[in-house]
Amino acid sequence: MASSSLSPLDSAKRAAAFAAVDTHVKPNMRHIGIGSGSTVVYAVERIVAQGSELNKSRLFVPTSLQAKTLIIEGGLHLADVDTCPELDIVIDGADDVDLALNLIKGGGACHLQEKVIAESSKEMVVVADYRKMSKVLGDGWTKGVPIEVAPFAAQKALTRIRQLGSTDAHIRMGIAKAGPVVTDNGNLCIDAVFPQAVMRNPDHLLRQLKLITGVVEVGLFNGLCQVGYFGMADGTVTKQTRDGTYETIGSK
C-alpha cells in the first residue's frame, strides 16, 4: 500500500515496523517468528521487500492464524515451533508497554502461542504506535490482563483472580458472534483489570496468576522484549531499550 494512502496512525505503525526490520532482521537470519497485530502487517511487508533471494532460505514461524495468513500471502516459507524450536528473532506487536519493556499482550487472544514463540527467540522486537507506550502496564490498555483458561475451570479461576485484587474480571465475549471468545487452543479468555498498585509489580502478579489451577497462560510478557519501536504522531520513530533509554529515529 502506498504510504500516501495511509492514515497518520497507520503511517506511524508502518514507520515503526520498517525501522525494526531494517535494523534487526539481518541477512544471515534463517528462523524468524512473526507475531500478531496491525503493525506486524507492515513488518512482513518490509521482510518481503528484502527479496526472494534472501527469503528463500528462511523459515517463518507464526504466533497466530493471522500471522500464518500473513506468511502465506507474503510468499514466505511457513514453519512451526516443532521444526524450528530456536528462532533468531520474533517481530511482534503489543497492547501495552511499560518503561522496562514489560508487555501486555493477548488482545487478540493468542498470547499462549505468542509467549511460546517469544521464549524460543534469541531476540524479541516489539513494533507498535505511540498509543501503546505507558509508564505502568494498564495505563494505556484498560481492558485488563488477558488470561487464557481451560473452559471447565473458568469460574473457579474467576473467583481466585478476584481474590487477588482484580476490580473487574470477566470472560471475554464475542462481538460478531454470541457466546465467549474461544482461543486458537480451544480455551476461554478472562480479562482482568487490576489497580495500578498491583500492576507496578507485574512479576509478582504473573507468578500469582500462573499458580491458579486451570490458567493456561497469562498475557504479561515480563523481561522477554529487548527493544521496542514506536511510530510517533509527528512522523518519527522512538526506539526504546530495556535499560530505559530512548532514541528518536527520523526527522519531523
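Predicted model: local features only at pLDDT ≥ 70, side-chain atom pairs only at ≥ 80, totals over all residues.
Residues are numbered from 1 along each chain as its sequence is written. Local features need pLDDT of at least 70, side-chain atom pairs count only at pLDDT 80 or more, totals for chains, interfaces and linings use all residues, and side-chain values use heavy atoms, without hydrogens and water.

Biologist: How much area do domain 1 and domain 2 bury between them?

Modeller: Contact means heavy atoms within 4.5 Å, and 13 residues of domain 1 are in contact with 15 residues of domain 2. Buried area is the accessible area (1.4 Å probe) that two parts lose on being put together, summed over both. Of this area, 57% is on carbon and sulfur atoms, and the total is about 1,100 Å².

Biologist: Which side chains meet in a salt bridge?

Modeller: The rule asks for a side-chain nitrogen of Lys or Arg within 4 Å of a carboxyl oxygen of Asp or Glu. Across the interface of domain 1 and domain 2 it finds one such bridge. At 3.0 Å, N to O, the pair is Lys 115 and Glu 217.

Biologist: Which helix gives the largest share of the side of domain 1 that touches domain 2?

Modeller: Helices here are DSSP runs (H or I, at least four residues), numbered from the N terminus. The largest share is four residues, and they come from residues 111-119, helix H5.

Terms used:
Helix = DSSP H or I, 4+ residues; strand = E, 2+ residues; numbered from the N terminus.
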